[in-house]
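Let's take a friendly walk through this model, starting with its open spaces and moving on to its strands, domains and helices. Please keep the structure in view as you read.

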Amino acid sequence: MLSEKHLSFLIDNLIWIILIAVFTFFATQSEHFLTERNISNILTAAAVLGVLVVGQTFVLISGNFDLSTESTMGLAALLGLWLIVPAAAPTFGGGIFLNPFFAIGVVLLTGAAIGYAVGCLITFGRMHNFIVTLAVLLIIRGFMLAFSEGAPVNGFNNPSADVFYWLGHQKAFFIPGVGNITVAVVATGLLFLVVHFILQNHKFGRELYAIGGNRKAAEQLGINANRRIRQVYMISGLLAALAGWMLAGRVVSIQSNLGEGFIFTVFAGAVIGGVSLQGGRGTMLGALGGVLLLSTIDRGLNLMHVSVFWVKVIQGLIILVAMFLDAQRVRLREISLSVSTKTFRAKSESET
Amino acid sequence: MNYLSMKNITKHFGAISALQGVDFNIKAGEVVGLMGDNGAGKSTLMKIIAGNLRPSTGEISVQGKQAVFSNPLDARRLGIEIVYQDLALCDNLTAAANVFLGRELRSGFGIFHRLKHTAMNERAADLFKELKSETRPKDLVERMSGGQRQAVALARTRLSDPKLVLLDEPTAAISVRQVAEVLARIAQLRNTGHAVILVSHRMGDVFEVCDRVVVLRRGRKIADKPIRQSSPEEVTGLITGAIEAV
């Protein structure tokens with residue numbers, strides 16, 4: 001029989017056990033799975049998803065959610081390149097020839113501004129976060145289509161565009177057995193570490209857990225929940241723009257539908273990693289596990305030559321499994337709580 | 001001298017008047033029972049004192065100086081602590097995290113800081129010991145009994161040295177033994193020179209520990225007299241409207 005401590009540890013780290021199991025399964029199914037190239041690909045694909053999941057985890061822990069980040073990500077990539085490259089074919093840019101470093105700044109500020117505006121609509125406007133973020137998702141997507149007139153923006157053989165592509169494209173170093181590690185992977189890894197520290201050891205993180213756990217109590221104790229929620233959405237928008245900048249270096253040609261449907265994968269990554277949709281629960285390390293699991297499954301299916309027609313079905317099933325696991329986690333925690341509380345009370349009563 | 005003095009306090013929520021021209025005073029070392037039916041304005045008055053709500057009109061002074069509370073932290077700075085009826089606890093956080101919520105101990109400067117988990121756990125453990133509670137600082141609040149949850153909420157009021165403690169229905173959801181402990185704590189607070197405002201529906205509790213009783217009805221103060229000059233029957237009549245005012 002598992003002790004309460006061990007059961008709690010198992011519940012909190014379920015994601016890593018599943019990740020090892022899935023990793024082992026694919027390793028036995030494809031001889032190419034454990035190659036340096038494939039592992040490097042898993043990490044690189046996880047980088048963009050990881051950045052979006054970090055932003056979403058902040059929002060989820062505060063008891064909110066943000067559907068708009070996939071559009072903000074797409075807009076950031078499109079806008080950044082559009083500001084840099086010539087207007088004529090084949091690049092279809094804006095012909096503004098903005099310095100790529102300024103373009104990066106504009107992109108990040110745009111993301112943060114969109115996020116802050118969403119936060120203001122939810123807090124000042126007292127509007128429901130689902131409706132607001134869904135509306136913003138559609139508005140930005142429509143704006144992207146109108147703005148680019150449906151044509152992709154490209155950065156072919158453009159030195160300025162190459163600077164913009166650097167984050168998503170540049171290799172940082174090589175690790176034997178793991179392969180090439182890109183700058184994007186390093187940046188995402190650092191981001192997870194910093195945000196993990198903030199959530200566990202900073203007043204800001206503590207206040208987010210409190211707001212997500214019991215917003216009324218947090219406000220009664222003097223925490224300005226509305227201000228924190230606006231900040232959280234701003235961070236989410238900023239990180240979505242960062243993800244867009246990162247993604248631009250991987251896809252090179254930016255379509256106006258870039259990132260469409262990606263939000264479901266982002267939610268799946270966070271929830272599989274133990275971040276609760278109810279708010280107040282979850283850790284950044286768990287979310288990292290969720291991101292790595294999804295990326296592993298994606299590459300594994302690819303190597304097993306699973307038809308693209310079935311990939312959507314499998315992605316849907318993964319989201320269902322994530323929700324099932326979340327429900328089981330809550331159930332197991334409740335069982336663990338009732339057992340431990342009874343034991344603790346019995347012990348306290350026998351002592352008194 | 002009055003520790004807290006409130007003059008002609010009114011509070012409107014749209015067309016609804018929750019408080020109308022209420023005067024309220026309390027001295028150090030005094031326990032005042034605040035009574036009234038649901039909707040009488042007790043909670044609104046408590047929230048104004050605790051800094052959760054700003055009055056529509058009226059003046060508040062603390063130790064003779066005019067005070068404006070724009071949030072609960074302003075009230076805390078002036079030595080006013082509150083234990084809410086629902087205890088204002090976050091179930092997903094530990095007992096120590098709840099005790100220090102909004103007042104976390106930190107090392108570093110400004111936004112570049114780190115929470116001092118060990119120091120907060122140790123201080124919370126000391127506070128629980130003082131309250132004679134078996135609560136453990138690292139336990140999640142969701143694992144706790146009613147008495148332990150209340151100990152967490154009470155421990156908050158002892159973080160600083162408060163001058164005025166507001167208790168909103170502190171005996172509503174606890175066992176008979178724990179009620180006696182809470183009443184003993186209120187008496188102890190009075191003996192150590194603290195002012196206490198007790199909101200309660202339990203007449204017995206109010207007449208056991210309070211020095212004075214204030215009754216509100218439909219947003220107006222209709223009685224404010226020493227407890228020895230009143231009786232449970234009179235207070236009940238004032239609350240229900242059977243007695244108009246005294």
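What volume does the second largest pocket have? The second largest pocket has a volume of about 1100 Å³. A pocket here is an open set of points on a 1 Å grid over the protein atoms alone, with protein on both sides within 12 Å along at least five of seven lines, and a lining residue has an atom within 4 Å of a point. Grid points are joined across faces, edges and corners, and a volume is the space filled by probe spheres set on the points.

This is a predicted model, in which local features need pLDDT of at least 70 and side-chain atom pairs count only at pLDDT 80 or more, while totals for chains, interfaces and linings use all residues. Residues are numbered from 1 along each chain as its sequence is written, chains are lettered from A and ligands numbered from 1 in the order in which they are written, and side-chain values use heavy atoms, leaving out hydrogens and water.

Back to the pocket: 39 residues line it, and the closest to its centre are A:Ala45, A:Arg250, A:Phe262, A:Ser295 and A:Asp298. The elements of chain A that give two or more residues to this lining include helix 3 (36-61), strand 2 (179-182), helix 11 (225-251) and helix 13 (284-303). Helices (H or I, at least four residues) and strands (E, at least two) are DSSP runs, numbered from the N terminus. Helix 3 of chain A gives the most, with eight residues.

The structure also holds two cavities of 30 Å³ or more; a cavity is a set of points where a 1.4 Å probe fits but cannot get out. The largest cavity contains about 90 Å³ of space. Residues from both chains line it, including A:Gln220, A:Leu221, B:Tyr84 and B:Arg156. Strand 6 (80-83) of chain B is one of the elements that supply at least two residues, and gives the most, with three.

The table sets out both linings by class; Ala, Val, Leu, Ile, Met, Phe, Trp, Tyr, Cys and Pro count as nonpolar, Asp, Glu, Lys and Arg as charged, and the others, Gly among them, as polar.

| Lining | Residues by class |
|---|---|
| Second largest pocket | 16 nonpolar, 15 polar, eight charged residues |
| Largest cavity | six nonpolar, one polar, four charged residues |

Now for the strands, where two pair if DSSP finds at least two bridges between them. In chain B, four strands make an open antiparallel sheet in the order 2-1-4-5. Its edges are strand 2 (16-27) and strand 5 (65-66) of chain B. Strand 4 (residues 57-62) of chain B pairs with strand 5 of chain B over two bridges, and B:Ser61 stands opposite B:Gln66.

In chain A, strand 1 (residues 171-175) runs antiparallel to strand 2, with four bridges joining them. These two form a hairpin with three residues between them, where A:Gly177 in the turn has a positive phi of about 90°.

An automatic or database domain assignment divides chain B into domain 1 (1-79 + 162-246) and domain 2 (93-161).

Finally, the axes of helix 8 (residues 183-201) and helix 13 of chain A come within 9 Å and cross at roughly 145°. Axes are lines fitted to C-alpha atoms, for helices over the stretch in contact, with angles from 0 to 180 degrees between N-to-C directions.
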